[in-house]
Amino acid sequence: MKKRRLAVLLCCVLTAVALAGCGNPQAAGADTVEDSRTVEGEENPGNSENAEGETPEGSGDQAEQPGNGGSEETESSQEEVQEVEITMKDVAPMDLVKEMKIGWNLGNTLDATSKSIGVNVEMAWGNPRTTQEMIDAIIDQGFNVIRIPVSWGGQMGKAPAYNVLPAWMDRVQEVVDYAYGRGVYVIVNIHHEDWHFPSEENKDAAAEQLAALWTAIATRFRDYDEHLIFEGMNEPRKIGTSVEWNDGDKEGRDVVNYLDQVFVEAVRATGGNNTIRNLMVPGYAASSSDTALKSIVLPQDEHLIVSVHAYTPYNFALNKEGKSTWDNDTRDIDHLMELLDELFLSKGVPVIIGEFGAMNKDNEDERVQWARYYVSKAREYGVPCVWWDNNAFDGDGENFGLLNRRELTFPYPELLKALIESAE
């Protein structure tokens with residue numbers, strides 16, 4: 001074990017009230033590799049209401065800022081010098097990623113948003129409350145990476161403390177523990193957030209809130225070992241504008257790079273294991289476009305992983321009005337892997353495709369062929385892929401369901417088999 005003395009700037013404590021979540025914008029008509037991954041028409045106001053009437057604790061000036069394991073660790077505007085013990089292995093990011101095979105997203109769950117606050121928001125989009133049995137079902141099939149998307153904005157109080165509702169932080173930790181306790185890799189992020197809109201005008205406000213939020217998250221999880229990975233942002237982009245998807249614009253790309261730096265510095269400042277924890281950072285919208293990837297400027301840090309989302313080829317994988325046949329069209333997949341190798345892998349920087357998938361169009365055979373090629377090609381380059389599962393199987397929405405969470409069954413067994421076998 002080794003100890004480091006470091007200055008840890010702890011969060012201020014102010015009033016806590018709920019802010020609105022960012023919702024789930026669609027990339028209407030855009031030729032994009034990505035859009036909102038929601039279950040359309042499934043918002044259930046009954047489930048989203050908080051029966052317990054939860055509000056951020058201490059809604060006056062004494063709101064609690066959660067600390068590690070729920071203990072109070074903050075004082076207003078106070079800098080303390082602490083001895084913080086590092087209790088985990090110092091694992092290089094390339095070595096860490098080599099241990100990852102295939103991953104799964106707990107989509108449309110803790111990342112759900114609602115006008116309500118509290119733990120029942122987890123069910124606001126119609127999905128059931130997450131259980132240990134659900135996570136076990138996935139891990140028992142051979143998935144060894146679990147990504148847990150979380151939306152935080154609606155569970156946070158006002159500036160400058162931006163305190164997180166303690167019950168929400170506790171619930172996130174509980175779900176993390178379902179997977180972490182099984183010894184797999186766990187990715188925690190911030191997901192449907194509109195407050196970090198990447199513009200020069202909003203840059204400072206976004207940075208302040210981002211730093212406060214990641215200080216709280218990182219402090220709570222500081223004692224977790226190298227199996228826990230933080231992902232700074234999901235798909236940071238100019239929501240609702242003509243440049244929302246794909247390449248974005250130069251201003252947006254530059255501000256995302258800046259916010260990545262803010263995220264890394266905030267996590268490192270919490271000390272302990274977080275000084276050497278591996279972190280994932282995206283480019284603009286986590287896009288797999290050439291321009292977005294080439295515009296990534298990584299923070300100066302030895303424990304970084306690039307986060308990319310790639311539902312490709314778009315017309316087969318994501319476009320609801322596109323093709324239901326893959327036609328062995330490997331061009332986009334091949335190009336993506338070659339570009340990731342050129343920009344990052346060949347320079348010793350690992351990549352995780354944090355979201356990928358091909359929606360159900362009553363075409364399991366085609367999806368099986370596509371999945372075998374995609375995952376095998378990514379494996380050849382050392383890039384683990386994490387399937388986006390929103391528990392949606394039919395209807396007009398984006399149907400990426402893999403595990404039926406209510407029945408704990410896998411409706412597409414051949415697709416499941418292809419994903420697992422191709423990652424070996």
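## Strand pairing and the barrel

Two strands are taken to pair if DSSP finds at least two bridges between them. In this predicted model, strand S8 (residues 304–309) and strand S9 (residues 351–356) pair in the parallel sense over 4 bridges, and within that pairing His309 stands opposite Glu355 in S9. Strand S4 (residues 145–148) and strand S5 are likewise paired in the parallel sense, over 4 bridges, with Ile148 standing opposite Val188 in S5.

Both pairings belong to a closed barrel of 8 strands, which runs S3-S4-S5-S6-S7-S8-S9-S10 with parallel pairing. From one strand to the next, the twist averages 25°.

## Helices H5 and H6 on the sheet

Helix H5 packs on the sheet, where H5 touches S5 and strand S6 (228–231), and the direction of H5 makes about 175° with that of S6. Helix H6 also packs on the sheet, touching S6, strand S7 (279–282) and S8, and the direction of H6 makes about 165° with that of S7.

The two helices also pack on each other: H5 (residues 203–220) and H6 (residues 250–269) meet at an angle of about 30°, with their axes 8 Å apart. Because angles under 35 degrees count as roughly parallel, H5 is described as roughly parallel to H6, and the crossing of H5 and H6 is right-handed. On the H5 side the contact is formed by Lys203, Asp204, Ala206, Ala207, Leu210, Ala211, Trp214, Thr215 and Ala218, which meet Val255, Tyr258, Leu259, Val262, Phe263, Ala266 and Val267 in H6. The residues of this contact divide into 13 nonpolar, 1 polar and 2 charged.

How many of the residues of strand S5 (residues 185–189) are buried? The count is 5 of the 5 residues, so S5 is largely enclosed by the rest of the structure.

In a regular strand the side chains alternate between the two faces of the sheet. In S5, Tyr185, Ile187 and Asn189 point one way, whereas Val186 and Val188 point the other way, and all are buried.

Ser116 lies in the loop between strand S3 (102–106) and helix H3 (132–140). Ser116 has a relative accessible area of 14%, and because buried means under 20% relative accessible area, Ser116 counts as buried. The C-alpha atom of Ser116 is separated by 9.0 Å from that of Gln155, although these two residues are 39 residues apart along the chain.

In helix H3 itself, Met134, Ile135, Ala137, Ile138 and Ile139 are buried, and what covers the buried residues of H3 includes S3, S4 and helix H4 (166–180). H3 is followed by Gly142, a residue whose phi is positive, near 120°.

## The chain as a whole

The protein chain holds 11 helices and 10 strands, and buried residues make up 61% of its 424 residues. Of the contacts in the protein chain with a separation of 6 or more, 80% are accounted for by residues 24 or more positions apart.

Conventions
Residues numbered from 1 in each chain as written. Predicted model: local features only at pLDDT ≥ 70, side-chain atom pairs only at ≥ 80, totals over all residues. Heavy atoms only, no water. Axes fitted to C-alpha atoms, helices over the stretch in contact; angles between N-to-C directions. Parallel < 35°, antiparallel > 145°, perpendicular 65-115°, else oblique. Left-handed = near helix turned anticlockwise from the far one by under 90°. Contact = heavy atoms within 4.5 Å. Nonpolar A, V, L, I, M, F, W, Y, C, P; charged D, E, K, R; others polar. Buried < 20%, exposed > 50% of the residue type's maximum accessible area, 1.4 Å probe, protein only.
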